[in-house]
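Reader: I have the sequence and the structure open side by side. Could we walk through a few spots together?

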Amino acid sequence: MFDQIVPAILISIVAFFLVYVITPFLIRTLEKRNFTVKDYHRKGGAMIPRPGGPSILIGIIASEITLYLFFPTTAIITIIITTSLAFVVGIIDDRWALGGWFKPLALAASAIPIIFLGAYDSNLAFPLFGSFKIPALYLALIIFIIPITGNTINSIDVLNGVASGFMTIASFALTISLFIMQHYEIAIASLPLGFVSLAFYKYHKFPSKIFPGDSGALTLGAMYGVIAILGHVEIVAAIALLPAVINSFLFLSSVKRIVEHRQIRNPTTITPDFKLMVNNDKDAPVTLLSLILAAGPMTEKQIVSVIFKLALFSAFLAIVTSFMMEIKI
Amino acid sequence: MKNHAIFSFILVMWILIIIGGGLLVIFTSMISMEGYITVGSLELYYASIAKALFAIILVIIWVYVLTRIKNWVFHKKIKN
């Protein structure tokens, strides 16, 4: 165990400080090249640089390569390849805003290396009741998990700091769960996800200096998914993501089709004093924001605070679930 | 609407996951093609497909129950 502590600390430092140091340079570069988008929720509609995906990817790749130097495992290679492929999907979507089906299908393709590298176990483990082997279903599950986690994080990236802050909470909950379940190697490999998210949150929180874009959100989501598969913690991972899952669930059940979020109406509108309120347009989708704002108009910071409380609650349930994984009835 | 409704919804989802997982493990462990198919490892794969179908049915039921609960909890507050 002691021989794993040094690499764990080292990759956490590499992940955090690389993103912390690189992101300001990325912000300046994006501003110079005019890669900016309007922040509609901000007074005056400030132009914010996007995407922050490159600095997130550099932090992840550098820290995982550092870990590979200590522990050359297939799992680390799988994380690097799948996460990089998801980043490519995201950066293409950032640049050309492709259709609603492009991302799920391209992300499904980015999950294929997990299968070819054989970095999975077809046992699906549940709390209290044990696990069961599903060779046929599990292959399909792998193909589904990466698009689901990627798009789930992408769909919650609607307010300043939500995607990175939410990912920080969910990924640290996943890391703690992996340690509880004694999957130490994957637990250490998951540390960069939390630290990269935390460092990026510094620039993404309200008022945002940069947006992660699809490349950032899909990179974080895909890495989360691949860790869930490699660590055999699919159920725990799903529980830690529940607020984002609810967001996607509400969105899909109101829109009733796979659609790019840019193609639909905003679920919220802005009051004259720059608070957000529910958009009563019948074509506007219902999302997690709609539920939170059902109480009345709120500021962006207040909404983000509610989302983080929901994320912490789900993180707590995920950690409780990981303890339950060790109990068999 | 108070936010406790969303916390309750998350809690209900969590309970449904635990119960659904339990049902999946209990019932799929009973599924076996032994005695019906004996050609090499095909038995394992046909059993796996049967388990997969059962799991998919459970997920459909899970989504249906969640939709009903969502409508019930949030009906008066948001449009559905």
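This is a predicted model: local features need pLDDT of at least 70, side-chain atom pairs count only at pLDDT 80 or more; totals for chains, interfaces and linings use all residues.

Reader: Is A:Thr321 buried or exposed?

Author: A:Thr321 is found in helix 13 of chain A. A residue needs 20 or more other C-beta atoms within 10 Å to count as buried. A:Thr321 has 26 of them within 10 Å, so the residue is buried.

Reader: What distance separates the C-alpha atoms of A:Thr321 and A:Ser177?

Author: Along the chain, A:Thr321 and A:Ser177 are 144 residues apart.

Reader: Which residues does A:Phe166 touch, leaving aside its neighbours within four places in sequence?

Author: A:Phe166 is among the residues with the most contacts inside the largest core. With those sequence neighbours set aside, its partners are A:Ile156, A:Ala244, A:Ile307 and A:Ala311.

Reader: How do helix 2 and helix 3 of chain A run, roughly parallel or roughly antiparallel?

Author: Helix 2 (residues 53–70) and helix 3 (residues 74–96) of chain A pack with their axes 10 Å apart, at an angle of about 170 degrees. Angles over 145 degrees count as roughly antiparallel. Therefore helix 2 of chain A, relative to helix 3 of chain A, is roughly antiparallel.

Reader: How many charged residues are in the contact of helix 2 with helix 3 of chain A?

Author: On the helix 2 side of chain A, the residues that meet helix 3 include A:Leu57, A:Ile61 and A:Glu64. The contact of the two helices divides into 10 nonpolar residues, 4 polar and, for the charged class, 1.

Reader: Is A:His232, with its positive phi, buried or exposed?

Author: Phi of A:His232 is near 55 degrees, and the residue sits in the loop between helix 9 and helix 10 of chain A. The cut-off for buried is 20 or more other C-beta atoms within 10 Å. A:His232 has 20 of them, so this residue is buried.

Reader: Where chain A touches chain B, how many residues on the side of chain A are nonpolar?

Author: The contact takes 28 residues from chain A and 30 residues from chain B. Elements giving two or more residues to the side of chain A include helix 6 (135–155) and helix 13 (300–325). That side of chain A has no charged residues and 4 polar ones, while the nonpolar count is 24.

Reader: What is the distance between the end C-alpha atoms of helix 1 of chain B?

Author: Chain B has 2 helices and 0 strands. Helix 1 (residues 4–28) of chain B has 25 residues, so at 1.5 Å a residue it should span 36 Å. That agrees with its end C-alpha atoms, which are apart by 35 Å.

Conventions: Residues are numbered from 1 along each chain as its sequence is written. Chains are lettered from A and ligands numbered from 1 in the order in which they are written. Two residues are in contact if their C-beta atoms, placed from the backbone, lie within 7 Å. Helices (H or I, at least four residues) and strands (E, at least two) are DSSP runs, numbered from the N terminus. Ala, Val, Leu, Ile, Met, Phe, Trp, Tyr, Cys and Pro count as nonpolar, Asp, Glu, Lys and Arg as charged, and the others, Gly among them, as polar. The expected span of a helix is 1.5 Å times one less than its number of residues. A nonpolar core is a set of buried Ala, Val, Leu, Ile, Met, Phe, Trp, Tyr and Cys residues joined through C-beta atoms within 7 Å. A residue is buried if 20 or more other C-beta atoms lie within 10 Å of its own, exposed if 12 or fewer, and partly exposed in between; C-beta atoms are placed from the backbone. Axes are lines fitted to C-alpha atoms, for helices over the stretch in contact, and angles run from 0 to 180 degrees between N-to-C directions. Angles under 35 degrees count as roughly parallel, over 145 as roughly antiparallel, 65 to 115 as roughly perpendicular and the rest as oblique.
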